[in-house]
Amino acid sequence: MTAPVRLVWLRNDLRLTDNPALAHACRDEASVVLVVTLTPETWEAHGESAARMGLWRDQLESLQSERERLRLPLKVLRLKRFDDCPKALTELARTLNATEICFNYEYPLNERQRDGAVCAEAEKAGIATRAFHGELIIPPGQVLTGQGGPFKVYTPFSNAWRKRLIDFDQPVLAVPQPRHHRACESDPIPEDLDYTALSYRNDLWPVGEEAISERLNRFVRERVQDYAKKRDFPRTDPDAEGTSRLSPYLTIGALSPRQCMAALRAQCDDPDWLNSSWLNELIWREFYRHLLVAFPGLSRLEPFRPEVEARISWLGEDAAFDAWCRGETGFPIVDAAMKQLLETGWMHNRLRMVVASYLTKLLRVDWRRGADFFMRHLIDADFASNLGGWQWSSSVGADAAPYFRIFNPQTQGEKFDPEGTFVAHWLPELRALTPHKRRQQPGAGAQAGRPEPIIDYRQARQAALNDYQS
Ligand code: FAD
């Protein structure tokens, strides 16, 4: 009797370690074939970040040698559209005589609908499908209120999440060792994916499971202790930053949240690791994914709190939005953050909050435009976390910042970049000024060749408050 064949459809789970779909497929005498679907036209139409796609491609490439050692062939399906996945995957499964297609869930609505269509098509052809929750520590729908509904507020969610962890506390899955091998040619991974320059700073984001695991382990060894103290300060030297800079890897699934949690636990002697503030951030990531599944309107970019959004009159001013996109607002901390994003695909969490508050509250530009811009540029562009971050910042989200919380860009600069080092790095015109002058608004920056501030902060703040209170 020939061994059954299983297809593992890799998407944003580009890892061999702790990959539940792959572990399931390799669990017995089956032979396993990996498959990726490339839909560059859809990515481009949806404005996928080229930096993120570049990282994704290079991470896929980095799996080659280990994949070959395990004799796991890789098939590459280059498709015109997202909607071509069901037929193409079913056809491939038929050609290989595969009996099962396995994958790890993705949670935005489009992806869930696509996966539903793949399952329906495969099942019509008599091919089974199995899906797993590899992107979360606790699957959606498993952290519920006493009444059995989804949480809408973070703190009770995180408390319930910690309690529920006992039921989902599994060790990290090892790299599987398939026992049977099917002679099937692998396809080459295209260099360019026919997509806009897939460039990103690969010196900042090395790929490969070893390099990523080294980054994780170094962070928990050397920096997690001081995380709460240092996490709010953006730095020009990535090694000096207080946060882990692991989100790009989590986003493409080169690293799993369970691997992060296991590394944290192994490092902390403290039995109180469950209350670590770094774990708290991983739980925010889980919260936003749970919300996405519980409230499908979020995937359609509906606000979580429509009653708040109804009070806001978004201004459709393209000139102000363009100035924000280019980092030319005349507000140093905002502009420096946007320049960093444009050049490296990265922005520190504190600065994401500052620029998002600036755009949505002071310029009163619809949060969807900012979210879309981030999705096109961030190397860690992630639908759920980005949506959560933008809705939080504009006060229309679940457990969002209250409407009257409007970051003052000057004070934020003074607090989190006290020497003006970050600002001077990204806005070289300001280097000759003293730290105090670098942060001053208005005036000093303009004299040094930077644009005049495009708004008067106090007036814009008052106008926003009037609007939100109306
Ligand atoms: P660390 O501080 O080391 O945290 C560890 C991990 O926890 C992160 O890698 C990330 O996966 C998760 N995490 C941390 N903070 C948050 C948060 N607030 N919400 C959800 N998860 C979090 N994160 C993305 O991964 N992709 C995005 O597209 C994204 N867009 C954002 C947009 C806005 C407007 C805001 C305010 C936040 C956004 N975030 C996004 C959340 C956060 O800024 C990043 O996850 C964080 O900066 C990543 O840096 P780090 O890996 O060093 O995080």
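**A buried serine, a parallel sheet and a ligand shell**

S395 is buried, because 24 other C-beta atoms lie within 10 Å. (Buried means 20 or more other C-beta atoms within 10 Å of the residue's own, exposed means 12 or fewer, and partly exposed lies in between; C-beta atoms are placed from the backbone.) The model is predicted: local features need pLDDT of at least 70, side-chain atom pairs count only at pLDDT 80 or more, and totals for chains, interfaces and linings use all residues. Residues are numbered from 1 along each chain as its sequence is written.

S395 sits in the loop between α18 and α19 (409-416). Helices (H or I, at least four residues) and strands (E, at least two) are DSSP runs, numbered from the N terminus. S395 has a positive phi of about 70°, yet it is not a glycine. Most residues other than glycine have a negative phi.

D18 also has a positive phi, about 50°, and is not a glycine. Look for D18 in the loop between β1 and α1. Is D18 buried or exposed? D18 counts as buried because it has 23 C-beta neighbours inside 10 Å.

Strand β1 covers residues 5-10, and 5 of its 6 residues are buried. Strand β2 covers residues 31-38 and pairs with β1 in the parallel sense, over 6 bridges. (Two strands pair if DSSP finds at least two bridges between them.) Between β1 and β2 the chain passes through helix α1 (residues 20-25), and this β-α-β crossover is right-handed. L7 has V33 in β2 as its bridge partner, and L10 stands opposite V36 in β2.

β1 has a further partner. Strand β4 (residues 98-104) runs parallel to β1, and 4 bridges join the two. Here V8 stands opposite C102 in β4.

β2 is mostly covered too, with 6 of its 8 residues buried. Strand β3 (residues 74-78) pairs with β2 over 5 bridges, in the parallel sense. In that pairing, L38 has R78 in β3 as its bridge partner.

An unreviewed UniProt entry lists residues 4-137 as "domain: Photolyase/cryptochrome alpha/beta". (UniProt positions are given in the numbering used here, feature names are shortened, and annotations may be inferred rather than shown by experiment.) Over residues 4-137 the chain is 43% helix and 23% strand. The end C-alpha atoms of this stretch are 30 Å apart.

Now turn to the ligand. How many residues surround the ligand? There are 28, and the closest are T243, S244, S247, N386 and G389. (A residue is near a molecule if its C-beta atom, placed from the backbone, lies within 6 Å of it.) Helix α18 gives the largest share of this shell, 6 residues. Helices α10 (247-251), α12 (277-294), α16 (349-362) and α18 (383-393) each supply at least two residues. By type, the shell divides into 11 nonpolar, 10 polar and 7 charged residues. Domain 2 (136-169 + 208-294) and domain 3 (306-469) each give the shell at least three residues. These domain bounds come from an automatic or database domain assignment.

N217 lies in helix α8 (residues 209-222). N217 is partly exposed, because 13 other C-beta atoms lie within 10 Å. N217 and C184 are 33 residues apart along the chain, and their C-alpha atoms are separated by 36 Å.

Terms used
A crossover is right-handed if, with the strands pointing away from the viewer, the path from the first strand over the helix to the second runs clockwise. Ala, Val, Leu, Ile, Met, Phe, Trp, Tyr, Cys and Pro count as nonpolar, Asp, Glu, Lys and Arg as charged, and the others, Gly among them, as polar.
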